[in-house]
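Subject: Structure for your review

Dear colleague,

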Amino acid sequence: RTILTEIGPGNLFAEAFACVPVKRLPVTVVSVEKSEVMWLDYRRVTSVCSSACRFHTKLIENMLTVLASKNILMNQKIEHLSKRSTREKLLSYLSDQAAEKGSNEFDLPFNRQELADYLCVDRSAMSGELSRMQKEGILRFRFNHFVLRGENRL
């Protein structure tokens with residue numbers, strides 16, 4: 001499996017697929033906890049209503065913001081995956097997480113298997129690389145809590 005992203009409560013998924021006429025989604029969405037899905041007719045969302053209300057305009061603006069934000073996240077993921085080694089992929093991802101949180105100390109949204117799936121690497125090889133990086137003083141971690149050290153700091 002490949003994890004594209006983590007989606008929390010109130011977030012959208014598959015919005016890009018709603019914009020194009022596809023009969024079958026080329027992805028599978030799996031929820032790890034009980035969830036409700038609200039389906040939206042994208043054509044009705046993007047067409048301004050007859051009264052051209054400000055609420056509808058704001059909805060369209062919000063949808064475009066979501067699409068643009070997800071595009072940026074996918075570009076970041078491509079950047080991580082384009083690295084050649086597991087170490088480089090980890091450092092790229094962990095550095096981005098630190099920058100996003102504004103701190104060298106942060107929690108990851110993934111467990112080890114999910115992180116390996118997200119980075120498209122073997123879990124045991126990734127765990128071994130994390131252990132080596134910790135021994136070398138590059139980072140510290142306990143479960144999903146990480147601290148970047150030295151030159152890998154913000």
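The model is predicted, and please keep this in mind throughout. I begin with one of its pockets: the second largest pocket holds about 450 Å³ of space. It is lined by 22 residues, of which T5, E6, L73, Q97 and E100 are the closest to its centre. Helix 3 and helix 4 (86-101) each supply at least two residues of this lining, and helix 3 gives the most, with seven residues. Sorted by class, the lining of the second largest pocket consists of ten nonpolar, seven polar and five charged residues.

The largest pocket comes next. About 2,000 Å³ of space lies in it. Its lining is made up of 50 residues, and those closest to the centre are I7, L12, F13, A14 and V29. The elements that give two or more residues to this lining are helix 1 (15-18), helix 2 (42-46) and helix 3 (54-81). Here, too, helix 3 is the element that gives the most, with five residues. By class, the lining of the largest pocket has 29 nonpolar, nine polar and twelve charged residues.

I now turn to the packing of helix 3 against helix 4. How do the axes of these two helices cross? They come within 8 Å of each other and cross at roughly 150°. On the helix 3 side the contact involves Q76, E79, H80 and L81, which meet K89, S92, Y93 and D96 in helix 4. In terms of class, this contact has two nonpolar, three polar and three charged residues.

Finally, there is the nonpolar core. The largest one has 21 residues, and within it Y93, L94 and L115 touch the most other members. Helix 4, helix 5 (112-119), helix 6 (123-135) and strand 3 (145-148) each supply at least two residues of this core, with helix 4 giving the most, five residues. Which residues does L115 touch, leaving aside those up to four places away in sequence? They are L90, Y93, L108, F110 and M126.

Yours sincerely,

A colleague

How values were computed: Residues are numbered from 1 along each chain as its sequence is written. This is a predicted model: local features need pLDDT of at least 70, side-chain atom pairs count only at pLDDT 80 or more; totals for chains, interfaces and linings use all residues. Side-chain values use heavy atoms; hydrogens and water are left out. On a 1 Å grid over the protein atoms alone, a cavity is a set of points where a 1.4 Å probe fits but cannot get out, and a pocket is an open set with protein on both sides within 12 Å along at least five of seven lines; lining residues have an atom within 4 Å of a point. Grid points are joined across faces, edges and corners, and a volume is the space filled by probe spheres set on the points. Helices (H or I, at least four residues) and strands (E, at least two) are DSSP runs, numbered from the N terminus. Ala, Val, Leu, Ile, Met, Phe, Trp, Tyr, Cys and Pro count as nonpolar, Asp, Glu, Lys and Arg as charged, and the others, Gly among them, as polar. A nonpolar core is a set of buried Ala, Val, Leu, Ile, Met, Phe, Trp, Tyr and Cys residues joined through side-chain atoms within 4.5 Å. Buried means under 20% relative accessible area, exposed over 50%, partly exposed in between (1.4 Å probe, protein chains only). Contact means heavy atoms within 4.5 Å. Axes are lines fitted to C-alpha atoms, for helices over the stretch in contact, and angles run from 0 to 180 degrees between N-to-C directions.
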